[in-house]
Amino acid sequence: MSNEHPVVQYQELTTEHGKRIGLATLNSEKSLNALSLPMIESLLPQMQQWKDDAGIAMVVLQGSGDKAFCAGGDIRDLYQAMKDHPDSYAPYVEEFFTKEYSLDYLIHTFEKPVLVWGNGIVMGGGLGLMAGASHRVVTASSRIAMPELAIGLYPDVGASWFLNRMPTGCGLFLGLTGASINAADARLVGLADHFILHDKKAAVLDKLLTVKWGDTVALNHQKLADALRDFEEHSRTQLPLSQIRPHQAEIAKLAELDNLPAVIAAIDAMPGDDSWLQKAKEALSYGSPITAHIVFRQLQLGQSMILADSFRLELGISVQCGRMGEFAEGVRALLIDKDRQPNWQYPNVESVPKELIDTFFTSPWTASQHPLRMLGL
């Protein structure tokens with residue numbers, strides 16, 4: 001990328017009272033702002049600098065264009081790295097996920113207010129950026145998902161943390177089906193805080209320049225929430241209907257089941273003929289049986305983990321996914337050859353050996369060598 005087209009554009013907006021707002025724009029509209037390693041390597045030091053700069057009151061993250069905040073990680077480069085290192089650890093895979101999770105963790109622990117404008121498509125790695133922000137805005141076109149099951153990966157970027165903090169059963173259902181949710185659902189499951197129409201974004205930014213930001217972080221959080229609430233009042237009539245709520249009682253029952261085949265059978269048997277539920281069931285049947293096992297176990301383990309340990313767990317799983325072949329095959333079928341005919345290693349969840357799943361949860365590193373050992377310290 002040349003300097004005329006930086007992968008992330010940065011601005012510092014000076015407010016009426018002298019404080020500054022850091023504005024970062026993911027700048028790859030053609031790829032729906034897919035999160036690439038150069039983007040991550042650009043954002044990490046800039047976010048750290050803004051965190052440490054007393055003159056920066058808050059940070060805004062947005063995507064270029066009107067179609068997406070960020071449609072996920074840029075997995076074509078990951079695919080090439082896996083093809084270049086079959087059946088072994090690809091250094092690029094470890095580097096990508098290590099830096100991505102470091103960035104996600106930085107946002108989760110930023111202290112100052114971070115506003116993410118989650119317009120349009122917010123998936124996978126995009127949700128990793130959004131989930132940890134203190135103030136998450138969704139719009140009428142927001143479409144949020146963790147669809148990794150379809151590519152033989154699994155819901156990462158802190159999902160073992162945030163899926164576990166959703167209403168009963170919702171994290172398991174969304175992790176296994178990769179179902180796409182709208183703005184109302186994002187608020188229902190705790191992935192969004194405010195619903196504001198996308199055409200109000202410029203007015204929101206203008207309003208933030210008039211706020212009297214101070215040096216007290218907690219007060220600045222409150223001032224941002226108050227400013228966003230004013231815009232929300234004028235947008236609420238446009239909030240779409242929840243797609244989860246009609247099925248919430250059935251989804252909650254999933255949490256009572258203690259094995260994966262029973263959970264999948266229960267999802268398949270859910271009553272209702274709406275297209276949202278049918279798509280969720282189809283995605284579950286299309287997805288990798290190995291991934292389904294990973295999701296089930298990661299959510300069990302994640303219940304008792306602190307945030308930093310969740311990211312450490314996920315980095316180990318992600319590197320193992322890069323080595324085991326299912327991830328590369330899923331990307332090939334969906335994005336490279338686009339034949340949508342993945343040759344998964346096992347035909348169903350019943351035939352996947354427990355020992356294989358154990359391998360994904362076996363860290364490639366000792367605790368003292370772990371690339372994310374410094375998180376949380």
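Helices (H or I, at least four residues) and strands (E, at least two) are DSSP runs here, numbered from the N terminus. I'm working on a predicted model, where local features need pLDDT of at least 70, side-chain atom pairs count only at pLDDT 80 or more, and totals for chains, interfaces and linings use all residues. Residues are numbered from 1 along each chain as its sequence is written, and side-chain values use heavy atoms, with hydrogens and water left out.

**Glycine 125**

I started with glycine 125, which sits in helix α4 (residues 125-131). Glycine 125 counts as buried because its relative accessibility is 5%; buried means under 20% relative accessible area, exposed over 50%, partly exposed in between (1.4 Å probe, protein chains only). I then listed its contacts (heavy atoms within 4.5 Å). Setting aside neighbours within four places in sequence, glycine 125 touches Leu35, Cys70, Gly72, Gly73, Glu100 and Val157.

**Threonine 98**

Next I looked up threonine 98, in helix α3. It is at 14% relative accessibility, so threonine 98 goes down as buried. Its side chain reaches the backbone oxygen of glutamate 94 at 2.6 Å. Beyond four places in sequence, threonine 98 contacts Leu315, Pro371 and Leu372.

**Helix α6**

How many of the residues of helix α6 are buried? Eight of the eight (residues 170-177), so the rest of the structure largely encloses this helix. I noted what these buried residues pack against: α10 (248-253), α11 (260-268), α12 (275-286) and α13 (289-302). After α6 comes glycine 178, with a positive phi near 65 degrees.

**Pockets**

On a 1 Å grid over the protein atoms alone, a cavity is a set of points where a 1.4 Å probe fits but cannot get out, and a pocket is an open set with protein on both sides within 12 Å along at least five of seven lines; lining residues have an atom within 4 Å of a point. Grid points are joined across faces, edges and corners, and a volume is the space filled by probe spheres set on the points.

The largest pocket comes out at about 1300 Å³. I get 44 lining residues, with Ala71, Met123, Pro147, Ala150 and Leu334 nearest the centre. Which element gives the most to this lining? It is α12, with seven residues. By class, the lining of the largest pocket holds 23 nonpolar, ten polar and eleven charged residues (Ala, Val, Leu, Ile, Met, Phe, Trp, Tyr, Cys and Pro count as nonpolar, Asp, Glu, Lys and Arg as charged, and the others, Gly among them, as polar).

The second largest pocket has a volume of about 300 Å³. Of its 17 lining residues, Asn164, Gly169, Leu172, Ala255 and Gln303 are closest to the centre. Helices α6 and α13 are the elements that give two or more residues to this lining.

**Cavity**

I searched the whole structure and found one cavity of 30 Å³ or more. The largest cavity has a volume of about 60 Å³. Leu174 is one of its lining residues, and Leu174 is also among the buried residues of α6. The lining of the largest cavity has ten nonpolar, no polar and no charged residues.

Key:
Polar contact = N/O pair within 3.5 Å; in protein donor to acceptor, adjacent residues only side chain to side chain.
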